[in-house]
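Look over the sequence and the structure below. The briefing that follows takes up contacts, the core, a salt bridge, a loop residue and the chain as a whole.

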Amino acid sequence: MKSYSIVRIGDDYVVQAEEKSVLKVASRRRAAQLVSDAAELLNAQPEPGGDVESPAIAPDEVLDGSA
C-alpha cells in the first residue's frame with residue numbers, strides 16, 4: 001500500500017500519495033476522511049496476480065430443431 005500524507009499549502013490541504021499530489025481540499029478533516037476511505041478501498045481489493053477465479057462461462061446450447 002502507498003504511503004499517504006496531508007500537507008497544508010496556503011489555506012488548502014493537499015493529499016499526497018508517495019511524492020505525488022493527488023487531491024486538494026479546504027478541510028483537513030475532509031482530507032483525512034478521504035485518505036481513510038481510499039485506504040479501506042485499496043485493502044478490500046484482491047492482490048494482482050492472486051488466486052482469483054474467473055467466472056465460468058457456459059457454452060451456448062446447440063439447437064438442432066429435433067425437439
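**Contacts of V25**

Leaving aside neighbours within four places in sequence, V25 is in contact (heavy atoms within 4.5 Å) with D12, Y13, A31 and L34. The model is predicted: local features need pLDDT of at least 70, side-chain atom pairs count only at pLDDT 80 or more, and totals for chains, interfaces and linings use all residues. Residues are numbered from 1 along each chain as its sequence is written, and side-chain values use heavy atoms, with hydrogens and water left out.

**Layout of the chain**

- The protein chain has one helix and three strands, where helices (H or I, at least four residues) and strands (E, at least two) are DSSP runs numbered from the N terminus.
- Read from the N terminus, the order of elements is β-β-β-α.

**Nonpolar core**

- V25 also belongs to the largest nonpolar core, which has five residues: Y13, V15, V25, A31 and V35.
- Two elements, β2 and α1 (28–44), each give two or more residues to this core.
- A nonpolar core is a set of buried Ala, Val, Leu, Ile, Met, Phe, Trp, Tyr and Cys residues joined through side-chain atoms within 4.5 Å.
- Buried means under 20% relative accessible area, exposed means over 50%, and partly exposed lies in between (1.4 Å probe, protein chains only).

- D12, one of the contacts of V25, forms a salt bridge with K24 through their side chains, at 3.7 Å from N to O.
- D12 lies in strand β2 (residues 12–17) and K24 in strand β3 (residues 20–25), so the pair ties together parts that are 12 residues apart in sequence.
- A salt bridge is a side-chain nitrogen of Lys or Arg within 4 Å of a carboxyl oxygen of Asp or Glu.
- A search of the whole structure finds one salt bridge.
- D12 counts as partly exposed, at 25% relative accessibility, whereas K24 is exposed, with a relative accessible area of 58%.

**Loop residue E18**

- E18 sits in the loop between β2 and β3.
- Its phi is near 60°, a positive value in a residue other than glycine.
- E18 is partly exposed, with a relative accessible area of 45%.

**Whole-chain totals**

- Of the 67 residues in the protein chain, 13% are buried.
- Among contacts in the protein chain with a separation of 6 or more, 15% are between residues 24 or more positions apart.
- The protein chain exposes about 6,100 Å², and carbon and sulfur atoms supply 51% of it.
- Accessible areas come from the Shrake-Rupley method with a 1.4 Å probe; for residues, only the protein chains shown count as cover.
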